[in-house]
Structure formats: structure tokens, C-alpha cells
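Thanks, everyone. Let me put the structure up, and then I'll walk through it piece by piece.

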Amino acid sequence: MPADKAKNAVAVAIHRVSKRFGSVAALDDVSFDIMRGEFFSLLGPSGCGKTTLLRSIGGFEAPTAGDIQIDGQSVLHLAPYARPTNMIFQHLALFPHMNVRDNVAFGLRMKRTDAATTARRVEEALALVRLEGYGDRGIDQISGGQKQRVAMARALVNDPAVLLLDEPLGALDLQLRLQMQVELRRLQRQLGATFVFVTHDQGEAMAMSDRIAVMNSGRIQQIGTPAEIYERPVNRFVATFIGHANLIEGRVAEQRADGTALIDVEGLRVAGTAQALAAPGASMLAVMRYEKLQIEAGGNASVAGTGTSTLATVSEKTYMGAALRFVCRPGVGPTLTVDAPNTEAGRAICEGDSVRVSWAASEINLLAE
Amino acid sequence: MTSPASGKTPKPFPGVRPIGRPFWLLLPGVAWLLVFGLAPILFMGAVSFWRSSIFGTTPDFQFGNYARMIEEPLYVELLVKTLRIAALTTILSLIFSYPLAWFLASRKGAWKAVCVVAVFVPFWISYVVRTFVWLPILGRNGLINQTLMGLGLISSPVEWFLYNEGTVYLGLVYVYTLFMTLPIYLALEKIDPKLIEAATDLGARPWQTFRHVVLPLSWPGVLSGSIMVFLLAVSAYVTPRLLGGTSGIMFGNMIANQFLSNNNWAFGSALSMTLVAVVALFLLVVGRWVGIREVFTGGKG
Ligand SMILES: Nc1ncnc2c1ncn2[C@@H]1O[C@H](COP(=O)(O)OP(=O)(O)OP(=O)(O)O)[C@@H](O)[C@H]1O
Ligand SMILES: [Mg+2]
């Protein structure tokens, strides 16, 4: 499997790719590299062009402009059957007239691999996805999760340079989905293969990926590790699409030397980390994630002026199991939503109580608008 | 000893019979089969042992009719020829229908509706008319001869366009091919396009995709179409009668002659029974070979 090839090499290079369907721009000047052995996710809302991008790599769509290279070679002139990629389709597309073994053997047989090698590799692939002994089953005689594994084996047996997965877990129920996530990740690590994984489920992308490309309306919004994307979103779209955040617009009151800045929001002062220096008076967006804010009861000793806390009144409390959600109204400025861990102290806070809401400047992102 | 409950399946709801029990629901279907399917054949079987003479047909039990059929080579030869014509008609229809069905199935949107209707509309016309229409086209003074003479390619009308076995093939294929096209079209239509993409993705070239995915998945359609056309062609009567002349005569014409002109019902019945037996045998053999269930149920979806 491709583990023996050099790491740190580019497996897939997407260079300025655009794709139009009539007047719809499904992909708009998309460029990025996927490294060898990487679990790379394409994440975005429905209709943002994820499938189109994946199908362009697999050869099922021809880009209107740009180039796609795999292992340094442009593949645009190659038909899907000649590309070193394999795809796992959303609805799996297993062949109904073949049993499990013949499904898995299909790719090898099309390449006229000799029968002995085919048989051996099919058994290996079935073992890899933990389906030993299922070879003779018909496709309608196995469960949804097993079908999923057959689809994996059918693709992996061909030893593809890149495996393309289009929301392969979309049709599974939650329990099975979580189980398959672990399974997929295990396979990818074990094989050292390059996976390009399409999903619109941010939790799934976070849990599985080495890197994520967040897309919206045919454009790449941000590429980075799950932590980078979550902790340092580069724009409003990424900040809202992933996680829950208070988005608050204000004007720069003070820019400090340590990279933090203070903004003024309707009288409320918020200190945060600016990703670029901003002139005083410029408009900025503070991204305050719900769980990055702390809440404590009472709170009279406000550290006014530092911009890391405010006094407020709880106007709404929601019990969510693992967390407690409070909607708080500060004396001045916009309402702030806080997610606090479900502790005794948190449960004691009731609607109407006076509280202190605080945060660390390093946890608040300030984005230029 | 076992507990009293383990002896029988417990009733989930009192008064509700388990599925499969109310056999009287089958009665209409069974009655239909008996009256329109089995009864005529039994009656014909009986008549085939009777005796026909110029004074009429009288009940009897003798093998004279069957003996005559075996003694005179004419009948066996005609039966073999009829089976050959039916088989070749089936093959020709398949060759013609598969691409047509493929064409229809691969159209999209409104175009598809237009194409499907365009193909099927002529078949709303009586097949007698559709057979008859070949006469003014292929006849001595027909369209083709007129055109060829007008172009100066021939000096006198071509006679062999009509009234031979070739004309019968033309007529039969034209009249019955839709019974082949329709099941193949429906089978192709049912194939998920993603399966074709999956095959391509797994390295199958277009021919391999056809061979290993499209053809096997449309196979039930091919089988039902083939059996349909074969059955229709083997009992053809109008087409060979109108287009076949003397050399294009088929078994069906021979049977009809016994009833209509020779007034020999007993012998006609014997001929019919023989044809029924041969066709049943044929279905049995084909059924063994491909699995008869698949043919009549359209395969597993
Ligand atoms: N064959 C096509 N013809 C016309 N428009 C298309 C075609 N395929 C995709 N589109 C359009 O391109 C855009 C991107 O589609 P795409 O399927 O890539 O979205 P997606 O991100 O995969 O969405 P989803 O999460 O719903 O699968 C959409 O606006 C879609 O309507
Ligand atoms: Mg999609």
C-alpha cells in the first residue's frame, strides 16, 4: 500500500479549479494541496461544491478551468477508469448481481489480475474491514454497516493512490456512524493511505481529519487542522459554521503591543486576539464561543476596563445534559450566551440571578470585517 | 414434556388468521386459470384423439392423427422450420431491440418521453394492418420497386421482395420486436447510473462496464423479451399468411387450414397439441438453464 512512498509529498494538487454548470459556479478558483497519507476533509453546507470537487478529482466532472495533479502528474486528460483514484459513493453503489467477494474482486478482475492473486488480495481486503467469511453473502444479505465495509474493501483492494469518500456515512444511524468513523480512521492510519473525505457534519470532520478545508458557495474559506479551524476561524462564515459563537461587532478602542486589542461594543469592552493589526476606530468582529465564557454567581468585584468580564443578569437557562446554557444580559452591550459545564455551582444559577461573565483575551478572536 | 404453548404457533391476535391461510383469496385466480388456461387445452387434447371425416368429427380414442403426423415428413419438417423461424426472429429482434432500448433508456427529460412515445405509437395500430402495409411497400408495383426503377437502378420490378421466408422474418420482427424492446427498456431503466460510475471508477472500460454490469442487470429483460417473442413467433399465423407465400408457410397456417378449409378438427387439434408440447418442452429446457423464476419475475431488483 502507498505507505512506502515518501511522506511530506503532495498527493493531490488542485490548482485554480473552477467548474460551472450553466450559470451556477459550483467551484470558483479553488487551489490547495493534499499531502500523502493525509486524512483530508471537505466540509461545507449543502450545495457548496464538495461533491463536484471530489468528482472532478475522480474524473466524473471536467473542470471548466484549472488543473488537477495526482503524484505530480496532471490527470485531467484521463478517464475515471485510468485514474489512480477510487471513490466510495454516498449510496455505496454495490453491484446487486454479485456477492460480496465478486464485488470486492471487481476492480482487480477489470485489470486482468490473475485468479490466485485476486483471490488472495480479496481475502486480505475482507480481513482488513473485518468481514472474513462473508464472501459468499449476497449484497441483500448483509447489514448497512457491513455494506459500508464492503464498499471500503472494494475500493481499497485496488491500492488507490487517493481514496475519495463522498459522505459515506450519511445513510447510517448515529451509533453505527460513530463506530464507522473510528473504523475508517483506523484503516487510514493502518494503510497510510490518502483519504479525501466529504462531509457536511462538522463533528465528523473534526474527529477524523488531519486537515479540513471549509467550503462555501464554491470557494475555499479556510484550510487547517481541526484545532486551527476551531480556535482561529478566519472569517464570519467559518466562525458560525463550526461550533456556536456570540458574534459581536464593535470598534477598536485600543491595540496593544502583545497582539491583543480592545473593542468597544455599545459600551461593553471586549479584549481579544486580533489576527491582524487594526487601526483604532476600525470595525471588528469578536468571536466569543459559548464554552469559552465562564459564568459565576453573584460577582460584584468587576475588573472594569480590562475587557475580560462583565456583570450581567441571566435571562434564560437551558439544561442540555452535558452543559448548561445561559443567555445573559450585561448592563451595557449585547446579550451573551454562555455554555457552562454541568456542575453544582452552575445548576445553582437561576434565571434572574446576577452573574459575572468572564473570558480570557487569548480565547476571543477579533476578525477584521 | 413440552409446555402446551410450544406445540402450535401462538395467535398474536385472536380471530386474525396468520398470513397465507385464507386460500379462498386465491379462488378468482385459480378459476381464471382453469377456465381460460387449462380447459381449452384439455378439450383440444381430447379432440386430438377423435376422428374427423367428411361427415363430421366423432368422439373416439385412437392415435391415427398423431400417427399421420409422424408418417408424413411434411409436418415434422414444417415444425422444425417453424421453430427455426421463431428462433431466428427472436435473435433478430434482440439484435434490433437492445440498441433501441439502450437508446431510449439513455435519453433524458422531455426528450425521453417524446422518443418513447414515438417508438411505441405505431404499435397502437392493429398488427394485421402493420403486416399488410408491407405489401404496398415491397410488392411488384410497390414503393421500393417504383423508386429503384425511377432511379434507373433496375429495369424490371424485383419479385423476391415478397412471399418468401425472408419476408416472414421482416414481418415478424417488425410486428413483435416491441415485446422485446419493452422489457429490456424497463430493465435498463431500473439500473442505477451510480453502478455504471462505480464500475468505471473501479477501472472498467466502457465495454467491460457493459459486459459485467449493464448486461447482467438487464438479462432478466432480455430473457422475458426473448420468450415472449419466441412464443408469439412460433404461433404466428397472419404474417406468414400475408407475406410468406407458399415458401413462407408456418405451422400455424397448417393448423388453421385443418380447421378452416379441411374441416379436420381432430387432426388440427393433434397438430396444436404437438406445438403446445414442443413449446412447453422448450420453456422447460430454457427454464432449467436460466432459472425459470427469473424469467417470469423479472429477476431480483
Ligand atoms: N450536474 C449538475 N448540473 C447542474 N448543476 C449542478 C450539477 N451538479 C451540481 N450542480 C450544482 O452545483 C452546486 C454544487 O453541487 P455539489 O453537488 O457539489 O454540492 P455538495 O457540496 O456536494 O452538496 P451536498 O452536501 O448537498 O451533497 C450546486 O448548486 C448544484 O446545484
Ligand atoms: Mg454532495
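Start in chain A, with strand β1, residues 10-21, and strand β4, residues 65-70: they run antiparallel, joined by five bridges. Strands here are DSSP E runs of at least two residues, helices are H or I runs of at least four, and both are numbered from the N terminus. Two strands count as paired if DSSP finds at least two bridges between them. One position to look at: A:Ser18 stands opposite A:Ala65 in β4(A).

Ground rules, quickly. This is a predicted model, where local features need pLDDT of at least 70 and side-chain atom pairs count only at pLDDT 80 or more, while totals for chains, interfaces and linings use all residues. Residues are numbered from 1 along each chain as its sequence is written, chains are lettered from A and ligands numbered from 1 in the order in which they are written, and side-chain values use heavy atoms, with hydrogens and water left out.

Back to the sheet. β1 and β4 belong to an open sheet of four strands in chain A, in the order β2-β1-β4-β5, with antiparallel pairing. β2 and β5 (73-74) of chain A are the edges; each has a single partner strand, so one side of each lacks a neighbour in the sheet. What lies across β1, β2 and β4 of chain A? Helix α1(A) does, running at about 60° to β2(A). Contact means heavy atoms within 4.5 Å. Axes are lines fitted to C-alpha atoms, for helices over the stretch in contact, and angles run from 0 to 180 degrees between N-to-C directions.

A:Thr52 sits in α1 of chain A. Buried or exposed? A:Thr52 is buried, at a relative accessible area of 11%. The cut-offs: buried is under 20% relative accessible area, exposed is over 50%, partly exposed is in between, with a 1.4 Å probe and protein chains only. Leaving out residues up to four places away in sequence, A:Thr52 touches A:Lys19, A:Phe21, A:Ala26, A:Leu27 and A:Glu61.

Now the ligand. The residues around ligand 1 include A:Phe21, A:Ala26, A:Gly47, A:Lys50, A:Thr51, A:Thr52 and A:Glu167. A residue is near a molecule or strand if one of its heavy atoms lies within 4 Å of it. Which distances matter for polar contacts? These are pairs of N or O atoms within 3.5 Å; within protein, one must be able to donate a hydrogen and the other to accept it, and residues adjacent in sequence count only if both atoms are side-chain atoms. An oxygen of ligand 1 is 2.7 Å from a polar backbone atom of A:Gly47. For A:Lys50, an N or O atom of the side chain is 2.8 Å from a ligand 1 oxygen. For A:Thr51, the side-chain figure is 2.6 Å, again to an oxygen of ligand 1. On its own, ligand 1 exposes 630 Å², and the protein buries 60% of that. Areas come from the Shrake-Rupley method with a 1.4 Å probe; for residues, only the protein chains shown count as cover. β2 (24-35) and α1 (50-58) of chain A are the elements giving two or more residues to the shell. The largest share, three residues, comes from α1(A).

Next, strand β6 of chain A, residues 85-88. A:Thr85 and A:Met87 point one way, A:Asn86 and A:Ile88 the other, and all are buried. In a regular strand, side chains alternate between the two faces of the sheet. β6(A) runs parallel to strand β7 of chain A, residues 162-166, with four bridges. A:Ile88 has A:Leu165 as its bridge partner in β7(A).

Further along, β13 of chain A, residues 268-274, has six of its seven residues buried. Strand β12, residues 260-265 of chain A, pairs with β13(A) antiparallel over six bridges. Their hairpin has two residues between the strands, and A:Glu266 takes a positive phi near 50° there. On to β20 of chain A, residues 365-368: β13(A) pairs with it in the parallel sense over two bridges.

Last, chain B. It has 15 helices and two strands. Of its 301 residues, 41% are buried. Its accessible surface is about 18,100 Å², with 72% belonging to carbon and sulfur atoms.
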